2 protein chains.
Amino acid sequence: MEKEEYTNLSERKKRILISAVEDYIQQASPITSSAVQNKFEEKISTATLRNELNALEAMGFLRQIHTSGGRVPTSKGYRFYVNSMMGDIPLDKKALADIQTLFNNRTVYLGDIINEIASVVSKATNYPSVVMLHGFEKLVIKNIKIIPLLTGQALILIETNSGVINNTMDIKSTVVMQTFTDASNFLTQTFANQTIASMIKNMNEYKQSMKKELLEYKEIFDALLKAFTGLIEALENNSKIISSGELKLLENPEYTENPEKAKKILNVMHNSEEMSQALKHEVDEKSVRFKIGSEIPVEDLQECAIATTDYEVDGESIASVGIIGPQRMDYAKIASALKFVVGEFQNMKTLQNNVNTDEKNDND
Amino acid sequence: MEKEEYTNLSERKKRILISAVEDYIQQASPITSSAVQNKFEEKISTATLRNELNALEAMGFLRQIHTSGGRVPTSKGYRFYVNSMMGDIPLDKKALADIQTLFNNRTVYLGDIINEIASVVSKATNYPSVVMLHGFEKLVIKNIKIIPLLTGQALILIETNSGVINNTMDIKSTVVMQTFTDASNFLTQTFANQTIASMIKNMNEYKQSMKKELLEYKEIFDALLKAFTGLIEALENNSKIISSGELKLLENPEYTENPEKAKKILNVMHNSEEMSQALKHEVDEKSVRFKIGSEIPVEDLQECAIATTDYEVDGESIASVGIIGPQRMDYAKIASALKFVVGEFQNMKTLQNNVNTDEKNDND
DNA sequence: TATTAGCAGTCTTACCAAACGAGTGCTAAC
DNA sequence: GTTAGCACTCGTTTGGTAAGACTGCTAATA
């Protein structure tokens with residue numbers, strides 16, 4: 001349907017529309033016929049441009065706020081611009097080099113990695129970023145270690161194919177050290193190369209059919225199970241949104257002039273229900289996807305645009321990574337930055353996993 | 001000097017000033033003679049109040065923006081109010097109960113604890129919070145564990161008297177498992193009950209004088225030393241500010257009407273040099289300290305007020321915890337919330353440390 | 001001497017009208 | 001199909017006025 005409408009557009013109309021949208025993205029003030037004239041490569045009068053802009057408005061790509069005030073792109077206008085740009089993503093070497101300085105690749109914990117993704121994405125795009133972990137259970141377990149602390153707690157470390165997950169459990173002081181080592185080995189042997197989801201599913205079964213000599217692990221199993229179901233519940237309920245750079249919204253005139261709008265958006269950003277709606281997308285081939293204005297199924301974001309991509313590990317999507325900004329955003333730059341940053345994180349993980357992925361388990 | 005000036009104030013002037021400041025804190029609009037009249041317990045005419053307010057203005061406690069527009073407290077006015085209030089901090093049971101729901105006491109890592117303090121303080125006070133770690137090296141080491149991961153890195157876990165510090169180091173794949181266990185035990189035996197500072201100082205010496213049979217630890221020592229000096233440098237340079245709830249600034253009319261001001265403040269909040277200046281204070285007995293307006297030695301914060309307190313472990317101040325807001329803030333409520341929240345964190349730590357602090361080291 | 005009523009003076013805010021100007025739509029000519 | 005030119009629209013700025021909120025001051029009062 002979109003495609004058909006676009007065929008109505010003459011080549012020149014297309015170029016004019018692109019010029020117009022680009023002008024608005026840069027200037028943040030309504031597009032006038034003379035502004036387009038300055039930007040446009042061919043010699044063409046403002047009167048002709050007015051005719052063309054008028055036609056584009058009639059087709060729904062542009063919109064006038066008031067008669068004498070220039071035009072502004074509609075969501076449809078931005079959508080056309082984005083579709084026409086998506087082929088050639090500019091990879092500005094200088095910019096990529098700048099982004100590279102933002103990385104800190106000493107993180108091993110999944111939580112830290114997610115935070116770091118959010119932080120780097122926001123810095124690289126200059127917009128608030130959001131990361132939602134949705135594929136936590138799909139992570140593949142590589143190694144499990146239970147490490148007792150002096151405080152009466154124990155640290156549960158689960159190495160996965162995407163970083164280390166950690167949680168704590170309370171322990172009885174009667175449990176002796178050897179038990180933890182044995183339990184770690186047993187857990188690793190039992191669950192290695194399973195997903196978190198299947199570990200949780202199987203753990204109950206194992207516990208039932210447990211032989212006598214392993215009964216001492218029961219306490220640990222129980223605590224572990226509790227810790228993990230708790231973690232997953234927490235992720236599914238509230239805390240699964242990680243965001244960064246909220247303040248960058250205030251760098252854009254549309255929000256400094258109207259802080260109420262910014263507040264609304266930032267509120268939605270912390271509502272996991274709505275953000276989940278906003279970030280959701282059909283499976284398709286594109287690595288970076290845009291939702292523009294009315295395309296976003298969340299009331300308070302319909303004046304915004306959202307760019308999203310997936311953080312994938314071993315081909316599985318673990319998290320959605322996105323940024324939120326005004327519709328007037330630099331789509332090309334954002335697409336390339338987002339793609340690059342998330343790609344780098346994926347590469348980092350892949351490299352690390354290859355280091356000694358086939359080394360045998362060594363918990364003792 | 002302050003005290004002397006205050007003695008010039010009649011009892012009634014003091015009460016009027018307190019009424020006036022309170023009114024402004026609640027209403028956020030200039031104090032008028034009739035507003036004070038409504039608030040004031042005694043029957044007193046607006047004309048008399050005008051005389052009194054005029055006198056208070058002459059003494060520098062209040063200030064008029066323009067002739068016909070009511071008055072606003074000066075920094076000195078707020079200071080008087082704060083000093084006169086500091087005796088009786090109200091402990092609203094309901095509010096404290098609300099705050100208590102914000103705690104999540106399953107954190108074991110120092111970094112997470114610091115983040116959590118920032119987060120809870122901000123939620124409890126409704127202002128942006130800042131935590132600066134300044135006493136990292138004063139932490140006392142309890143236990144050291146080096147845990148190899150499958151990715152060719154090793155996790156360094158240092159249990160201290162205030163949570164676990166973690167860092168990573170790269171390892172050669174030739175190092176065998178037993179070495180890590182032995183090294184952990186050796187490190188713990190060597191450095192337990194020393195501070196981080198003295199560990200770093202002594203580590204080099206130990207390395208020099210190391211016996212032959214311990215030479216295999218050298219690699220680990222080197223990596224460890226590198227990891228730790230790196231961590232400390234990072235803390236001392238840039239990343240030592242943890243903040244939370246920046247957006248809450250926009251809930252106050254002084255900043256929604258003037259987002260530029262908010263941006264300025266938020267910028268300063270991420271400048272460790274300036275924040276360090278702003279949070280610094282003389283050693284004194286007070287648990288919560290206020291700096292008001294001109295008392296803050298940072299240009300861009302001179303329209304603000306800052307409340308700070310120390311996060312202490314075993315009597316040593318580890319971090320400064322503070323909030324930033326307009327001078328028109330609810331000082332009493334903030335003092336009690338800040339004191340309560342940080343106090344709870346301190347208690348939590350103390351309890352945990354007491355659980356099995358005298359249990360012997362158990363790394364194998 | 002302290003308090004108060006009353007009033008004049010000051011300054012802000014709201015409102016309105018006029019002038020301005022940026023930008024459009026339309027028409028007529030090319 | 002393109003363009004120059006002009007009338008028109010509508011937001012923005014400016015200036016000027018009226019209303020309202022407070023204050024400072026003065027003079028009367030207890």
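A polar contact is a pair of N or O atoms within 3.5 Å; within protein, one of the two must be able to donate a hydrogen and the other to accept it, and residues adjacent in sequence count only if both atoms are side-chain atoms. Keep that in mind as we go, and remember that this is a predicted model.

**Stop 1: chain A and its domains**

Domain 1 covers 4-85, domain 2 covers 93-134 + 241-359, and domain 3 covers 137-236. How far apart are the C-alpha centres of domain 2 of chain A and domain 3 of chain A? They lie 32 Å apart. Where these domains meet, 14 residues of domain 2 of chain A and twelve residues of domain 3 of chain A take part in the contact.

Show the surface here. Together, domain 2 of chain A and domain 3 of chain A bury about 1,100 Å², with 54% of that on carbon and sulfur atoms. On the domain 2 side, pick A:Tyr109, A:Leu110 and A:Ile318: these lose the most area to domain 3 of chain A, together 40% of what that side buries.

**Stop 2: a salt bridge and some polar contacts**

Next, show the side chains of A:Glu316 and A:Lys138. They form a salt bridge, and their closest N and O atoms are 3.7 Å apart. Across the interface of domain 2 of chain A and domain 3 of chain A, the rule finds one salt bridge. How many residue pairs are in polar contact between domain 2 of chain A and domain 3 of chain A? The count is five, with both residues of a pair at pLDDT 80 or more.

Switch to a cartoon view to see which elements are involved. On the side of domain 2 of chain A that touches domain 3 of chain A, at least two residues each come from helix H7 (110-125), strand S9 (304-313), strand S10 (316-326) and H14 of chain A. S10(A) gives the most to this side, with three residues. By class, this side of domain 2 of chain A has eight nonpolar, three polar and three charged residues.

**Stop 3: where the two chains meet**

Bring chain B into view. Here 41 residues of chain A are in contact with 40 residues of chain B. The two chains bury about 3,700 Å² between them, 60% of it on carbon and sulfur atoms. Select A:Arg106, A:Leu150 and A:Leu247, which supply 19% of the area that chain A buries against chain B, more than any other three residues.

How many salt bridges does the rule find across the interface of chain A and chain B? The number is zero. Seven residue pairs, however, are in polar contact across this interface, with both residues at pLDDT 80 or more. To follow the chain A side, colour strand S4 (141-148), strand S5 (153-160), strand S6 (163-170), helix H12 (259-269) and helix H14 (331-355) of chain A; these are the elements that give two or more residues to the side touching chain B. That side has 16 nonpolar, 13 polar and twelve charged residues.

**Stop 4: DNA strand C**

Now move to the DNA. There are 20 residues around DNA strand C, and A:Thr32, A:Ser33, A:Arg71, B:Thr48 and B:Ser68 come nearest. Of the atoms of DNA strand C that come within 4 Å of the protein, 77% are in sugar and phosphate.

- A:Arg50 has a polar side-chain atom 3.1 Å from a base nitrogen of DNA strand C.
- B:Arg50 has a polar side-chain atom 3.3 Å from a base oxygen of DNA strand C.
- B:Thr67 has a polar side-chain atom 3.4 Å from a sugar or linking oxygen of DNA strand C.

Which element supplies the largest share of the surface near DNA strand C? Select H4(B), which gives four residues.

**Stop 5: DNA strand D**

DNA strand D is surrounded by 20 residues, and the closest are A:Thr48, A:Thr67, A:Ser68, B:Ser33 and B:Arg71. Show A:Thr48: an N or O atom in its side chain is 2.8 Å from a phosphate oxygen of DNA strand D. A polar backbone atom of A:Ser45 is 3.1 Å from a phosphate oxygen of DNA strand D. For the surface near DNA strand D, H4(A) gives the most, with four residues. That surface has three nonpolar, 13 polar and four charged residues.

Notes
Residues are numbered from 1 along each chain as its sequence is written. Chains are lettered from A and ligands numbered from 1 in the order in which they are written. This is a predicted model: local features need pLDDT of at least 70, side-chain atom pairs count only at pLDDT 80 or more; totals for chains, interfaces and linings use all residues. Side-chain values use heavy atoms; hydrogens and water are left out. Contact means heavy atoms within 4.5 Å. Buried area is the accessible area (1.4 Å probe) that two parts lose on being put together, summed over both. A salt bridge is a side-chain nitrogen of Lys or Arg within 4 Å of a carboxyl oxygen of Asp or Glu. Ala, Val, Leu, Ile, Met, Phe, Trp, Tyr, Cys and Pro count as nonpolar, Asp, Glu, Lys and Arg as charged, and the others, Gly among them, as polar. A residue is near a molecule or strand if one of its heavy atoms lies within 4 Å of it. Domain bounds come from an automatic or database domain assignment.
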